[in-house]
Amino acid sequence: MSQQIEENSVKQLTLHWLYGLDEYFTHINHPQLEKYLAIKNALIHENIWKMQELAMSEVYRGPTENTEEFFHIIFSRLTGYENVTHRKVLNYISHCVDDDFLRRISYWSSLCEKKANFNDHFSRGQIKSKIWLIEELNKILDNKNIGTLVHYGGWYATIAYFLFNNFNIDQYYNIEADEECIWIGDEFNYPQYNASWKYKGIHMDVNEIKYTNNSFTAYTQNKQSEVIELDIKPNFILNTSCEHMDETWYNNLPEGSIVALQTNNYFSNEQHINCVGGIEEAIAKYPMSEVYYSGELDTQLYTRFMVIGKK
Ligand SMILES: C[S@@+](CC[C@H](N)C(=O)[O-])C[C@H]1O[C@@H](n2cnc3c(N)ncnc32)[C@H](O)[C@@H]1O
C-alpha cells in the first residue's frame with residue numbers, strides 16, 4: 001500500500017494557481033474563504049485534517065455524479081494525480097465556493113485547459129498586481145468612465161473581468177502577438193465578446209501600431225474567419241507586459257495618451273527582455289507629462305512597478 005502511494009505520488013500536478021485565487025478570495029473577504037483555504041491546504045500542503053473535513057462535507061452533500069471525482073481530488077496529495085486535472089479541480093472548487101469569477105474560470109478551463117498556462121496566469125504575483133491596478137485606478141478615475149481601452153500584450157485578458165465590473169468601458173481591445181491568446185481571451189470574456197465585440201482580441205505586434213490623428217487601424221477575424229477592419233481610437237492604454245517588450249510601443253503613442261503600465265525587476269525570467277531595477281527607472285523609461293500614480297508592490301518573487309499618467 002505505502003509503495004503504491006509512493007508510485008502514484010510521483011505523478012505531480014502543480015496547482016500554483018491556487019495561490020492566486022487565495023489572493024483574490026482574501027482580498028474580497030469572500031464569505032467562504034475558510035472553505036477555500038481548507039481546499040488549498042489539503043491540495044497543496046497535504047493537510048490530512050482538512051482532507052477529512054472536505055470529505056465529510058461531501059458525505060453531508062450526499063452522493064452525486066461528481067462524488068468519486070471530488071474524493072480523488074481531495075486526497076490527491078496522498079493518492080496521486082492520476083485522474084486529476086486543472087479543470088476537475090476548478091470544477092470541484094466551484095461546487096464548494098460560490099463565486100462568479102471562479103465560475104468564469106472554471107467554465108473557461110473546459111475550453112482551454114490544454115492551451116492556457118493556469119499556473120503562470122493565476123500566480124500570486126499576477127493576481128496581486130491586477131488587484132493593485134484596479135484599486136489605484138478606482139482612486140484616480142472618479143467618474144469611472146474609461147471609454148475605449150486598448151490593452152497592449154494583454155495575454156488571456158482575464159483582468160478584463162474586473163475592469164468591466166469596476167468601470168464604464170465602451171470597447172476593450174486586447175492587442176496580442178500570440179495568436180493563441182486571441183480565442184482564449186475572447187472565450188474568457190464571452191459576455192462582452194459574444195454579443196457585441198465590446199471585448200475583442202486582435203492578433204498584432206503592438207510595436208506595429210501606427211497612429212494617425214490619435215487612431216490606428218487593426219484587423220481581426222470574426223467567427224466565420226472573415227477579416228474585419230477596425231478603426232480604433234483609444235481613450236486609455238493599458239500595458240501590464242512591459243517587461244516582455246522594448247519601448248517602441250510607448251514611443252509610438254500620441255502625446256496626451258492616458259496610460260497605465262506595469263513592469264518588474266524579475267530579471268531572471270528568460271521571457272523578460274526589458275525589466276527595470278526600480279520605480280525611478282520605470283518613470284524615466286516611460287516619460288509622462290503628468291504622473292497620477294507611481295508605486296511598487298512586493299509579490300514575494302519579485303517587485304512590480306506601476307505608473308499611471310498622461311504621456
Ligand atoms: C506572458 S504575458 C505576461 C504578462 C504580464 N505580466 C501581465 O500581467 O499581463 C506577456 C504577454 O505579452 C505578449 N507580448 C509580448 N510582446 C508583445 C508585442 N510586441 N506585441 C503584442 N503582445 C506582446 C505576449 O504574447 C504575452 O502574451
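In strand β9 (residues 303-310), Lys310 is the bridge partner of Ile258. β9 pairs with strand β7 in the antiparallel sense over seven bridges; two strands pair if DSSP finds at least two bridges between them. This is a predicted model, in which local features need pLDDT of at least 70 and side-chain atom pairs count only at pLDDT 80 or more, while totals for chains, interfaces and linings use all residues. Residues are numbered from 1 along each chain as its sequence is written.

**Overall build**

- The protein has 15 helices and nine strands. Helices (H or I, at least four residues) and strands (E, at least two) are DSSP runs, numbered from the N terminus.
- The C-alpha trace spans about 70 × 45 × 35 Å along its principal axes.
- Of the 311 residues, 36% count as buried. A residue is buried if 20 or more other C-beta atoms lie within 10 Å of its own, exposed if 12 or fewer, and partly exposed in between; C-beta atoms are placed from the backbone.
- Among contacts between residues at least 6 apart in sequence, 57% join residues at least 24 apart. Two residues are in contact if their C-beta atoms, placed from the backbone, lie within 7 Å.

**Domains**

- The domain assignment gives domain 1 (2-119) and domain 2 (124-310). Such bounds come from an automatic or database domain assignment.
- The C-alpha centres of domain 1 and domain 2 lie 31 Å apart.
- Twelve residues of domain 1 are in contact with eleven residues of domain 2.
- On the side of domain 1 that touches domain 2, α2 and α8 are the elements that give two or more residues.
- That side of domain 1 has seven nonpolar, two polar and three charged residues. Ala, Val, Leu, Ile, Met, Phe, Trp, Tyr, Cys and Pro count as nonpolar, Asp, Glu, Lys and Arg as charged, and the others, Gly among them, as polar.

**Helix α2**

- Helix α2 covers residues 17-27, and its buried residues are Trp17, Leu18, Gly20, Leu21, Glu23, Tyr24 and Phe25.
- These buried residues pack against α3 (33-43), α8 (100-112), α9 (118-121) and α10.

- Strand β7 (residues 258-264) is largely enclosed by the rest of the structure, because seven of its seven residues are buried.
- One side of β7 carries Ile258, Ala260, Gln262 and Asn264, and the other carries Val259, Leu261 and Thr263.
- Strand β6 (residues 236-239) pairs with β7 in the parallel sense over three bridges. Here Val259 in β7 is the bridge partner of Ile237.

- Strands β4 (residues 216-221) and β5 (residues 227-232) pair in the antiparallel sense over six bridges.
- Phe216 stands opposite Ile232 in β5.
- Five residues lie between the two strands of this hairpin, where Ser225 takes a positive phi near 65°.

**Ligand shell**

- The ligand is surrounded by 16 residues, and the closest are Gly153, Ala177, Asp178, Thr240 and Ser241. A residue is near a molecule or strand if its C-beta atom, placed from the backbone, lies within 6 Å of it.
- The elements that give two or more residues to this shell are α10 (124-140) and β2 (168-176).
- By class, the shell has six nonpolar, seven polar and three charged residues.
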